[in-house]
Amino acid sequence: MDTHPPQPTVVSSSTGQPNVVTEGELVDPLPKKMQSTVNARLKHDLLVCCVLAVIYLGLHCSTVFTVLQPDLNTVLHRIAGILGLLLHYLVPQMRKHWPWLCMSLPILRQREFGQFEPRGAAEVMWFEQLVVYLCMLERNVLYPIVFLSALTSDSMRIVGKFGIGLGTILVVMCGLKCEF
């Protein structure tokens with residue numbers, strides 16, 4: 001007959017997983033889960049960085065930015081400025097209760113705006129979806145293209161100023177630093 005009492009299993013309230021009891025101490029499974037999550041994220045980031053580096057190198061080496069260069073930077077900067085003004089100034093002002101302190105109601109209202117107590121879950125409006133898509137376009141497409149265009153147009157000046165070795169290293173470091 002076994003004289004040792006059975007080891008109690010304590011269920012963690014946060015994860016719902018049983019914690020292992022060893023010699024009177026609880027072992028938390030959270031650090032192991034966090035470590036596996038961080039490892040998976042690092043593997044994903046390594047893969048994405050390699051793919052983006054190849055795409056950006058291909059764009060940089062192509063003639064897209066060099067052929068259209070005198071006007072391309074100006075057009076890209078204007079598009080980025082107009083989109084930034086629209087997304088980060090105009091839309092937030094149109095959603096305030098006193099837009100520009102000259103109107104008494106928001107221009108872009110929620111569907112539940114006039115209700116004292118909404119009866120159901122809030123609906124995502126069309127302009128909110130549009131803002132999210134435009135912010136993703138701005139952050140993930142427009143800003144990298146603006147930066148890559150400026151880097152491509154100025155890379156010859158950087159190489160001319162610092163020499164072929166140091167200039168190339170500076171261009172590559174700036175490209176990788178600002179793209180990722």
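Reader: Let's start with Trp126: buried or exposed?

Author: Quick heads-up: this is a predicted model, where local features need pLDDT of at least 70, side-chain atom pairs count only at pLDDT 80 or more, and totals for chains, interfaces and linings use all residues. Residues are numbered from 1 along each chain as its sequence is written, and side-chain values use heavy atoms, with hydrogens and water left out. Buried means under 20% relative accessible area, exposed over 50%, and partly exposed in between (1.4 Å probe, protein chains only). Trp126 has a relative accessible area of 58%, so it counts as exposed.

Reader: Okay, and what kind of aromatic pair do Trp126 and Phe127 form?

Author: Rings of Phe, Tyr and Trp (its six-membered ring) pair if their centres lie within 6.5 Å; planes under 30 degrees apart are stacked, over 60 edge-to-face, and the rest tilted. The whole structure has 2 aromatic pairs. In the one formed by Trp126 and Phe127, the centres are 5.7 Å apart and the planes sit at 90 degrees, so the pair is edge-to-face.

Reader: How far apart are the closest N and O atoms of Glu128 and Arg95?

Author: These two make a salt bridge, which means a side-chain nitrogen of Lys or Arg within 4 Å of a carboxyl oxygen of Asp or Glu. The pair links distant parts of the chain, with Glu128 in helix H4 and Arg95 in helix H3, 33 residues apart. Glu128 is buried at 17%, while Arg95 is partly exposed at 38%. Their closest N and O atoms are separated by 3.0 Å.

Reader: Which helix holds both Asp45 and Arg41?

Author: Asp45 and Arg41 form a salt bridge too, with the closest N and O atoms 3.5 Å apart. Arg41 is exposed at 55%, and Asp45 is partly exposed at 29%. They sit 4 residues apart, about one turn, in helix H1.

How values were computed
Helix = DSSP H or I, 4+ residues; strand = E, 2+ residues; numbered from the N terminus.
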